[in-house]
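Please open the structure in a viewer and keep the selection tool at hand.

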Amino acid sequence: MSEDDESTLSGASLHPFLRRARRRAGDVPDLGRWLGHTLGLARELVPAEAGAILLDDPAAKKRDEETTLTFVAAFGPAHGRVLGQAVPPGQGIAGRVYREGRPVRVDLSSDDPARADFFPGVDARSSFRTVSVLAAPIRLEEHVCGVLELLNRQGAEGPAFVPRDLPLASLMADHIGRAILNAVDLLKENELAQRDALTGLSNVRGLDAHLEREARAAQREGRPLSLLFFDVDHLKRLNDRLGHQAGSEALRRVGQALATAVSDAPARAYRFGGDEFVVVLRGDAADALALADAARAEARRETEGAAAPGGVLPAIELSVGVATLATLHDDDATLGSRLLRAADRALYRAKRAGRARVALAED
């Protein structure tokens, strides 16, 4: 078909057809199940004894390091033994396809020079015998991120793959790439939806579920858990004197201070809303009090004398309420919520006592 035989609406004209409802935030599809289903479809298009999807390590690529290819989905007699295995960087026929970005079909029983690329390590570990290979690159936009492999063609034309199998494998690999890209976009959307734009901390959307999981796990395993509720002292006074932009800069710097304070602790910091912050800490009351003092000192260092719209920031003081599981006695389905309320009450005690201090929840 020539270009004269096809036409589409322009990109701008297509936009109204793309404004559709998306999944809820946090509702990311089960990509693993989908990849398994896609392998089954590839098996129907090109009958094969076994097959797999291998993906690279994005963290290694980001560091400009050579990356292994890991089996993330597989079918066939050895599927359970290959899943999670990694092919060393640049090794095997999959490594060649990944490196060159071109599909190949290789008959290991022939004099095909591509036989030299075959990596026998996976067969040795899985007790499988590869006779022929069909492999196509999987792309995220213009970058190769993995490889689709089919092994040992079945049916009357087997065991070697035939030329018409190559475009079918490439078609399935492109389909997989688009699905992975969609999943990546959804994950990024969810991360952004749960991130506070001003401070960079997690926002309150994910707090309830995280806190409840941590509380239940701590109770089940008999380990301590604490919650710290922070309030920025006299933010309204700062807004009135220097303006709301200066107040926002103060909040941003307090967020940075909390991120620094929890960076080496088993803890997660959240912006609760307005001038309030929450930290969930795997630790006892002593750990929480030490973290509270460290966070308050870091907030003062981060803000004192810092330039802001409208003037120079003063040293920002924080009031803190601390609650631990030790202050909660009976089993309750909303254990995390009770911990949050106890810390909130302790925070108000700290504020009533004059601010710029830490109060521990009472039994």
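Helices (H or I, at least four residues) and strands (E, at least two residues) are DSSP runs, numbered from the N terminus. The model is a predicted one, in which local features need pLDDT of at least 70 and side-chain atom pairs count only at pLDDT 80 or more, while totals for chains, interfaces and linings use all residues. Residues are numbered from 1 along each chain as its sequence is written, and side-chain values use heavy atoms, with hydrogens and water left out.

**The whole protein**

A residue is called buried under 20% relative accessible area, exposed over 50%, and partly exposed in between, as found with a 1.4 Å probe on protein chains only. Of the 363 residues, 44% count as buried. A contact means heavy atoms within 4.5 Å. Among contacts between residues at least 6 apart in sequence, 65% join residues at least 24 apart.

**Two loop residues**

Select S127, in the loop between helix 6 and strand 5 (132–140). The phi angle of S127 is near 60°, a positive value in a residue other than glycine. Is S127 buried or exposed? S127 has a relative accessible area of 65% and is therefore exposed.

A356 is not a glycine either, yet has a positive phi of about 50°. Its relative accessibility is 30%, so A356 counts as partly exposed.

**The cavity**

Rolling a probe the size of a water molecule over the atoms shows where empty space is left. The search uses a 1 Å grid over the protein atoms alone: a cavity is a set of points where a 1.4 Å probe fits but cannot get out, a pocket is an open set with protein on both sides within 12 Å along at least five of seven lines, and lining residues have an atom within 4 Å of a point. Grid points are joined across faces, edges and corners, and a volume is the space filled by probe spheres set on the points.

In the whole structure, one cavity of 30 Å³ or more is found. The largest cavity holds about 290 Å³ of space. Select F71, V122, D123, E149 and L151, which are the closest to its centre among the 25 lining residues. Strand 1 (48–55), strand 2 (69–75), helix 4 (79–82), helix 5 (92–100), helix 6 (121–126) and strand 6 (143–153) each give two or more residues to this lining. The largest share, four residues, comes from strand 1.

For residue classes, Ala, Val, Leu, Ile, Met, Phe, Trp, Tyr, Cys and Pro count as nonpolar, Asp, Glu, Lys and Arg as charged, and the others, Gly among them, as polar. The cavity lining divides into 17 nonpolar, six polar and two charged residues.

**The pocket**

Now select D56, P58, L140, C145 and V184, which lie nearest the centre of the largest pocket, out of 13 lining residues. About 390 Å³ of space lies in this pocket. Which element gives the most to its lining? Helix 7 does, with four residues. The lining has eight nonpolar, one polar and four charged residues.

**The nonpolar cores**

In soluble globular proteins, nonpolar side chains tend to be buried together. A nonpolar core is a set of buried Ala, Val, Leu, Ile, Met, Phe, Trp, Tyr and Cys residues joined through side-chain atoms within 4.5 Å. Select L228, F230, V232 and F277, which touch the most other members of the largest core, a set of 31 residues. Helix 10 (244–262) is among the elements that give two or more residues to this core, and its share, eight residues, is the largest. A second, separate core has 24 residues, including A50, V87, F128 and V147.

**An aromatic pair and a buried threonine**

Rings of Phe, Tyr and Trp (its six-membered ring) pair if their centres lie within 6.5 Å; planes under 30 degrees apart count as stacked, over 60 as edge-to-face and the rest as tilted. The count comes to one aromatic pair. Select F229 and F272: the pair is edge-to-face, at 5.0 Å centre to centre and 65° between the planes. F229 lies in strand 8 and F272 in strand 9 (residues 267–273), so the pair ties together parts that are 43 residues apart in sequence. F229 is buried, at 2% relative accessible area, whereas F272 is partly exposed, at 27%.

Finish at T324, in strand 13. T324 is buried, with a relative accessible area of 7%. Leaving aside neighbours within four places in sequence, T324 is in contact with L225, S226, D284, A285 and L339.
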